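Biologist: Please take me through the assignments in this structure. For each label, I would like the value and the rule behind it.

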Amino acid sequence: MKIHRWLLLPATLYFLAAVDCGPARDAHCSNDGECEALGGDFKYCLESRCVECVTSAACGAHRYCHQGACTDR
């Protein structure tokens, strides 16, 4: 059976998208400690999901916390 090269690209992209590249936003949690243990930027537990911030103080100067993510607005 001959495999066409053009079929390999979508298969490769699908595989790469499925690979876990570290702590993900919205990982399930029950407290901040669980999020911190995962490492990365999502250190806070908000509504059972790891998020980047719960207050603007976690975002740094001139940035704001909006729905768990730091933004410039």
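**Labels and cut-offs**

Modeller: The count of salt bridges comes to 1. This is a predicted model, in which local features need pLDDT of at least 70 and side-chain atom pairs count only at pLDDT 80 or more, while totals for chains, interfaces and linings use all residues. Residues are numbered from 1 along each chain as its sequence is written, and side-chain values use heavy atoms, with hydrogens and water left out.

Biologist: Why is the pair R63 and D72 called a salt bridge?

Modeller: The rule asks for a side-chain nitrogen of Lys or Arg within 4 Å of a carboxyl oxygen of Asp or Glu. In R63 and D72 the closest N and O atoms are 3.1 Å apart, so the pair meets the cut-off.

Biologist: What makes R63 partly exposed and D72 exposed?

Modeller: Relative accessible area decides: buried means under 20%, exposed over 50%, and partly exposed in between (1.4 Å probe, protein chains only). R63 has 31% and is therefore partly exposed. D72 has 55%, so D72 is exposed.

Biologist: Why does A57 count as exposed?

Modeller: The relative accessible area of A57 is 74%, which means that A57 is exposed. A57 lies in the loop between strand 2 and strand 3. Strands (E, at least two residues) and helices (H or I, at least four) are DSSP runs, numbered from the N terminus.

Biologist: What makes C29 and C45 buried?

Modeller: C29 is at 1% relative accessibility and therefore counts as buried. C45 is at 18%, so C45 also counts as buried.

Biologist: Which handedness does the link of C35 and C50 have?

Modeller: The link of C35 and C50 is left-handed, with -90° about the S-S bond. C35 lies in helix 2 and C50 in strand 2 (residues 49-51), so the pair ties together parts that are 15 residues apart in sequence. The sulfur atoms of C35 and C50 are 2.1 Å apart.

Biologist: Why is C35 called buried, and what does C35 touch?

Modeller: C35 has a relative accessible area of 0%, so C35 is buried. Contact means heavy atoms within 4.5 Å. Not counting residues up to four places away in sequence, C35 touches C29, F42, K43, Y44, C45 and C50.

Biologist: How far apart are the sulfur atoms of C53 and C65?

Modeller: They are 2.1 Å apart, and C53 and C65 form a disulfide. C53 lies in the loop between strand 2 and strand 3 (64-66) and C65 in strand 3, so the pair ties together parts 12 residues apart in sequence. Both C53 and C65 are buried.

Biologist: How many disulfides does the rule give?

Modeller: The count comes to 4 disulfides. With the bonded cysteines numbered in sequence order, the pairing is 1-3, 2-4, 5-7, 6-8.

Note on methods
A disulfide is a pair of cysteine sulfur atoms within 2.5 Å.
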